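Welcome, and please open the model in your viewer. We will go from stop to stop, selecting a few residues each time and saying what is there.

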Amino acid sequence: MKFIIGNWKMNGNTEQKDVLLKSIKNVQTNNKIVICLPFTLLHGNDFGITIGAQDISEHTNGAYTGDISGQMLKDANIKYVIVGHSERRFYHNETNDIVKAKATTAVAYGITPIICIGETQSERNMGRTMSVVKKMLLESVPDYGEYIIAYEPRWAIGSGTTPSVSEIKAIHETIFKTLRNINRENTPILYGGSVDEENAKTITSVAHVDGLLIGRASLKSDTFLPIIKSID
Ligand code: PGA
């Protein structure tokens, strides 16, 4: 069983959501499918497909205009939330401390955080990928509760390029060993960044790749269903 998690980012509407979820419902799969939707689409018919959110406030409630609390997500029956996506780290200045606080809040409300980590192009060019990824990992995870890690090299997101299989293997092994050092060796580790139907099977065959976090290709059934069907 692999996790196949869609991240719709700031895309989609009710009609597109209904079309995609209905089409997923008709696919036979042993994988765990989750679609992380924009907040306005979290309510309504889920057609039996697991729905996730894309952010959670680290605060309980109160004067935080525009933010969404753990209680609100729980009330909407949300079981997964992406935290620390590189777009939130970049556009909203989310630090590892904030990501950890958000992940901790999610866990407190019974929601599994999908914690994103990954190096930038310049960090990669300087040969700092492993040290950056390890530091982000150790500083972003909560001290208790279950969570999922998504390794998403920032330069691979939306770019049509992915790391080589050997790079993915080396980085996922490093993440696995780092998690094992903190007694978290059962934590699922996903890969994300320009996943499509051409590369999904190869990437999920790599050791310690427990699933995929998929942006653009998760928006439509003609690009998302072939990925689900290619993995078992
Ligand atoms: P992408 O996005 O699949 O469009 O590269 C992945 C992500 O940002 O989670």
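Start by selecting Glu 94: with a relative accessibility of 6%, this residue counts as buried. Buried here means under 20% relative accessible area, exposed means over 50%, and partly exposed is in between (1.4 Å probe, protein chains only). Accessible areas come from the Shrake-Rupley method with a 1.4 Å probe, and for residues only the protein chains shown count as cover.

Before moving on, a word about what is on your screen: this is a predicted model, in which local features need pLDDT of at least 70 and side-chain atom pairs count only at pLDDT 80 or more, while totals for chains, interfaces and linings use all residues. Residues are numbered from 1 along each chain as its sequence is written, and side-chain values use heavy atoms, with hydrogens and water left out.

**Around Glu 94**

Glu 94 belongs to the loop between H3 and helix H4 (96-108). Helices (H or I, at least four residues) and strands (E, at least two) are DSSP runs, numbered from the N terminus.

Next, pick Asn 93, which lies in the loop between H3 and H4. Is Asn 93 buried or exposed? At 60% relative accessibility, Asn 93 counts as exposed. Look at its backbone too: Asn 93 is not a glycine, yet has a positive phi of about 55°.

Step back to Phe 90 in helix H3 (residues 86-91). Phe 90 is exposed, at a relative accessible area of 51%.

**The ligand**

Which residues surround the ligand? They are Asn 7, Lys 9, His 85, Glu 152, Ile 157, Gly 158, Gly 193, Ser 194, Leu 213, Ile 214, Gly 215 and Arg 216.

Zoom in on His 85, where a side-chain N or O atom is 2.7 Å from a ligand oxygen. At Gly 158, a backbone N or O atom is 2.7 Å from an oxygen atom of the ligand. At Ser 194, a polar backbone atom is 2.8 Å from a ligand oxygen. On its own the ligand has 280 Å² of accessible area, and the protein covers 97% of that.

Ser 194 counts as buried, at 17% relative accessibility. Ser 194 has a positive phi of about 60° although it is not a glycine.

For the last stop, select Asn 199, also in the loop between S7 and H8. Its relative accessibility is 15%, and Asn 199 counts as buried. The Asn 199 side chain reaches the backbone nitrogen of Asp 196 at 2.8 Å.

Terms used
Near = heavy atom within 4 Å. Polar contact = N/O pair within 3.5 Å; in protein donor to acceptor, adjacent residues only side chain to side chain.
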